[in-house]
Amino acid sequence: MAGEATTVRMHVDGTWVDALAGEITEVASPVTGEVHTLVASGGRDDARAAIEAAGAARHGMAGRGVHERAALCNAVASEIDRCRGPLAETLSLEQGKPLAEAQAEVAFAAQLYRDAAAAIGQLSTETFAGRDPSKRVLTLRQPHGVVGVITPWNFPIGIPSEYLAAAIATGNTVVWKPAPTTPQIAAALMDCIAEAGVPPGAVNLVHGGAEVGDEIVSNRGTHAIGFTGSAQVGEIVAQRAGAKPQLLELGGNGPTVILDDADLAHAIPATAQACYMNAGQICQSSERILVGERVHDAVVEGLAEAAGSVRLGHPLDDATTMGPLNNEAVATKMEEHIQDALDKGALAVAGGRRADGFPTRLFYEPTVVDAVTPDALLNLEETFGPIAPVLTVTDLDEAVEVANACELGLCGAVFSGDLGKALSVAERLECGVVNINEHAAYWDGLTPFGGYSGKRSGVGRLGGKTTLLTLTQLKSIVIEQSSPGGHPNS
Ligand code: NAD
């Protein structure tokens, strides 16, 4: 995509603005290497201005009726649908994913606003009798106020929409900082939100890096935090947010367990899909594949075949099934993890290096590594690239032990012909979500989703109604009925 770079601004209090200090950053496309965005890059003052705007808008937003807010969500969904073609193209060129995956992500984003609209209309709370027979207790769900939202680059329209849809539906206002490498799709989503009639100040967009994120998290003017990103940054966010309510959706290193009785014709392509979709840059990716000895050879052979059928290329080409990685840090980590595994005795069965002949060095060969040892970084840490690392386990207990030895615990998958056995593995895996006979990266947007307690994959849950609960606080109102005008009614 040779041509003019697009200029992207911030959106504060209903207006597109430049950074207060006038700073502009260049962002290159991972596909072409050319600068395709000039982004107004904010600092702490820009974040503070956005927090102030969100604070001024919060009572107005909370005061709107539930059905009015639901209508706003539906209007955002319609606006995303109307712009879906250009949105998907921008997403592909900026993030690197194939157009078909970008189209699916845009459709998913629109659905999240529809889901939030439907769920808020159904949200109910309890009313019950107090211990004292003349008391009635009424419970309500109220917005937190200003929610700080900080998001990554791997699903740069889908993940922000998880928070923004729920925030609009529940009557919060938002200060949102997207990832520095995906500002264009963020601005395009913000445009849809503004065009849909969401009031000024209700959703504010500030571009920038760690400093802007830190201001949003730590400023007393934000009342809750929604953060999706790495475990390392998530832990800093938790410290800086203090006692604010927070939803932390952090990294994963998902185990996929393929038991000896699995239907391999289904398990292998499904597992490969969860390794190479979005070039493996999914928190739910199948990051390590634990196989029984009897199926080991067939699984490795099948994964190598699947890697061979991946078409690496320009994400807008119809034939492409995998695009480049989003940024250099991801490519470097792939190299480090593969080298570490090979040093410890593993074998690269397919790929294992950056691909030649592309405009950037971010195109990585789909990779299969066999004989990965439990002490390898591939097993212990999130790799976040197009890789299928295979570990052999002797039995179900060892599969669970190796899977749970990792500090992360987000999503996993189990393939088995015996549902009872699969269920028992699923129950023992220390993951927030486990899919049985479905690949690890499957998620419908409604199922509760998040990290397992005691691991480093985050705190709290999102997904459908769950996100609405997370973005609201419970208020109890106790009514004394025997007071003048009241009727004791026990
Ligand atoms: P990251 O942690 O580097 O950055 C995430 C966001 O935090 C970015 O917007 C970044 O600018 C911001 N940030 C950086 N330093 C900050 C600070 N000190 N204070 C506040 N904000 C700060 O993650 P990334 O590389 O953008 O994304 C990849 C990671 O996200 C992977 O680990 C992946 O597993 C995880 N992820 C998790 C989920 C989930 O739902 N659990 C979903 C997608 C991605």
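A polar side-chain atom of Glu-382 lies 2.5 Å from an oxygen atom of the ligand. The protein covers 87% of the 850 Å² of accessible area that the ligand has on its own, with areas taken from the Shrake-Rupley method with a 1.4 Å probe.

This is a predicted model, in which local features need pLDDT of at least 70, side-chain atom pairs count only at pLDDT 80 or more, and totals for chains, interfaces and linings use all residues. Residues are numbered from 1 along each chain as its sequence is written, and side-chain values use heavy atoms, with hydrogens and water left out.

| Residue | Protein atom | Ligand atom | Distance |
|---|---|---|---|
| Glu-382 | polar side-chain atom | oxygen | 2.5 Å |
| Gly-229 | backbone N or O | oxygen | 3.3 Å |
| Glu-249 | polar side-chain atom | nitrogen | 3.5 Å |

Now for the wider shell. In all, 28 residues surround the ligand, and Thr-151, Lys-177, Ser-230, Leu-250 and Glu-382 are the closest; a residue belongs here if one of its heavy atoms lies within 4 Å. Sorted by class, the shell holds 16 nonpolar, eight polar and four charged residues, where Gly is counted as polar. Helix α7 provides the largest share, three residues, with helices being DSSP runs of H or I of at least four residues.

Key
Polar contact = N/O pair within 3.5 Å; in protein donor to acceptor, adjacent residues only side chain to side chain. Helix = DSSP H or I, 4+ residues; strand = E, 2+ residues; numbered from the N terminus.
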